[in-house]
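My notes follow in the order I made them.

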Amino acid sequence: MSLNNIISTSLSGLFASQAALRATSNNVANVNTPHYSRVKVDLEANVTQGMTAGVKVSDVSRVVDQFLETAFRTATSNASEFTAQREFHDRLQGILGDPAADSSLSSRIDRIFGGVADLTLNPADVLRRQKVLSDMQSFLDQTSLFQTQLQNLRGEASQQLSENVEAINEQLQRISDLNPLLAKQRSTGGDSGGLEGQMSQALAALSELVDIKIDRQEAGTVFVTTSDGYPLVDTTLSQLSYSAPGIVQADTIFPAINIARVDKDTLEPKSTPVDFMSHIRSGRLSGLLEMRDSQLPELTVSLGELSARVADEFNAVNNNFSAAPPPTVMTGKQTIVEGTHAHNFTGIVTFAAVNGDNELQSKVTVDFDAGGAPATFDALITLVNGATGLNGDATLALNNGVMSFTGASGNRVLIADDATTPSQRAGRGFSHFFGMNDVITAKRPGIYETGVTGGQTHGMTAGQTIDFKVVDSNSRELSTVTVTVPSGTDYDDMLTELNSVSGLGAYFSFALDSKGALTWTEKTGFDGAKLQVVGDGTTVGSSGQTFSSAFGMGDSFRADAAQEVKVVNAISESPDLLALSVFDQTAAIGSVALTKGDQRGALAYQGLETTLVTFSDAGELKSSSLTLSQYVSRFLGNAGLQAARATNFEEDNLALQQEVGQRNSDVSGVNLDEELANLVIYQNAYNAAARILSSVQELYDGLLAAV
């Protein structure tokens, strides 16, 4: 071998050792860098024309186990998803408080019944009445506060979604910017360890936000997709967009998270944005969506169901009894009935007028089941107000779906059901159905048992429309549907339109039940699908109500039953109006028909403590028959169960993440002992190659001196 060949071989050894030493020094320097994967220098013999001519660096590569690396990213995404949920449940538990505390919802409803029990001892005592009403308002204030806080948490989840979308975009841009730099280093044979470390950090940060899959290219670049294969970064760059609403309420329709390909320099869209939400499987983004669109709304519906049933049960008692003396005016709530409608009542009810001393002035008893009974509301009103009825002592009226009963010349009014055969429509007495003497009012009734039948006219104008959005169990949009009021005039015609397979009928089956409530069930293949009202331009008769609000179409109407819920102002300001007395059906004209000290109404309130109430499906709480107190405990227990579930899932996934991370670190992480050993090896190799060069130089010097 010539001296020149020896020099060339020695130089190759020097350069190879330098590359190895440089890689080792980078590994040692990044021993504490998160997500850094150590690099190694692969050497091979340099063969020229079949002869070995030194050594060369074949590759400088990251030491990774692709399976462990993928598993670690997956575990990171899953853990981040449940961490987001756990954080919100921690805040929710702080709002709900300790169920055993005196300020809890359970304690507040118990105080109502405790006050009612005390009231039975002296029903005429104003202080006892005030305490019951105060305890009632305290409970209602708490439910309203909880509902408001739940909506606030949904708003916070929405805002965090916006922030996380921006963070995802930043990481996608970072990955896109690193790709050409990595490709350049690979093509020139340069050291890409530092760039690989930055890429690893970007991918790790991205995997916390959304589930991703990595495809490493031969050129050294990284293509990123979601776990189901939707591209995020390849030869082009994609960016997400989401605009969080400022104020979130039960009926808020959230915009979709969209994605579009953009210009890398200007970030201007190069394609039409499409819905990205169906591609989100895990990560913090998924956890926030789960809280915003599923778990928190389910709790709001459960709370609305609780509030609606509490109001309905308390209102049933207050409408079944009377104050002594009664009010001068009774004004009901908004309904969708018209004067020309069949009343659909059964049983017996009495309308009466008394003076300020509770002395009966006049009364009229209506047996809806008797022959010759009035068939419509107009006929009923004519009978009650006529000469054979109250004859001017009081006036019953129905205006735009609101029933009113007004005393004349200072008279007081009351409506009393027969004790044996009470009036009934949709399971409620006449006064209760119209809310003539309610003690509790709310933003929405929460219970939509209208008492209408399919053959009854709805009074809507043909051509009016309702816009719906259908979403799946993960709140991903399936379709938007516009339902147009058909030319037919009754509710059966409207049901036919709702069940049209070209519209909502493709997803749901609609029907009116025996109490006039509109029900809908998901069709096969669409389990868990939900209905959202985007806009409603209908008007039911003269009521001023839209079709969707009249029948409570969508969870928002049920949730709002816990909003603005309170004791009726007139009763709160005048506790004597709390209805505790029974009307004496046998009283003669001019005699006392009501007694202020009557305890039967208080006993009826007390009976609610043990009365089984039928609750409908609401969120995770399935239909059941429970007392009001039991349902309160069930609601609080369900909230606690959700919190515990999120915590357990977080702990399980964090443990898995730690285990996989440790195994991945064992393969890819920097081991100082190993690196120091390599340092000695590469240093000795470098010194040896340098010694050879030095020896060759001495030989050259000797030859030159001999010349």
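I started with the contacts of P445. Beyond its neighbours within four places in sequence, P445 is in contact with A308 and A561. This is a predicted model, so I read every value below as computed from it. I placed P445 in the loop between strand 15 (440–441) and strand 16 (465–471). Is P445 buried, partly exposed or exposed? Its relative accessible area is 44%, so P445 counts as partly exposed. I also checked P445 against R73. The two are 372 residues apart in sequence, and their C-alpha atoms are 47 Å apart in space.

Next I looked at the second largest pocket. I noted a volume of about 990 Å³ for it. Its lining has 41 residues, and P445 is among the closest to the centre, along with K333, Q334, G435 and D438. Which elements give two or more residues to this lining? I listed helix 6, strand 9 (329–331), helix 8 (430–434), strand 15, helix 10 (547–550) and helix 12 (569–573). Helix 6 gives the largest share, five residues. By type, I found 21 nonpolar, 13 polar and seven charged residues in the lining of the second largest pocket.

That sent me to helix 6. It covers residues 284–320, 37 residues in total. From first C-alpha to last, helix 6 reaches 52 Å, close to the expected 54 Å. Where does helix 6 bend? I found a bend of about 45 degrees at M291. I then checked burial.

The buried residues I noted in helix 3 include L105, I109, I112, V116 and L119. R108 is also buried there, as are S106 and S107. For reading such a list, I kept one rule in mind: an α-helix has 3.6 residues a turn, so residues three or four places apart point the same way.

My last entry is Q642. It is found in helix 14 (residues 628–668). Q642 has 0% relative accessibility, so I put it down as buried. What does Q642 contact, leaving aside neighbours within four places in sequence? I noted H89, Q295, E298, L299 and E620.

Methods
Residues numbered from 1 in each chain as written. Predicted model: local features only at pLDDT ≥ 70, side-chain atom pairs only at ≥ 80, totals over all residues. Heavy atoms only, no water. Helix = DSSP H or I, 4+ residues; strand = E, 2+ residues; numbered from the N terminus. Expected span 1.5 Å × (residues − 1). Bend = angle between axes of the 7 residues up to and from the residue. Buried < 20%, exposed > 50% of the residue type's maximum accessible area, 1.4 Å probe, protein only. Contact = heavy atoms within 4.5 Å. 1 Å grid on protein atoms, 1.4 Å probe; cavity = no way out; pocket = protein on both sides within 12 Å on 5 of 7 lines; lining within 4 Å. Points joined across faces, edges and corners; volume = space filled by probe spheres on them. Nonpolar A, V, L, I, M, F, W, Y, C, P; charged D, E, K, R; others polar.
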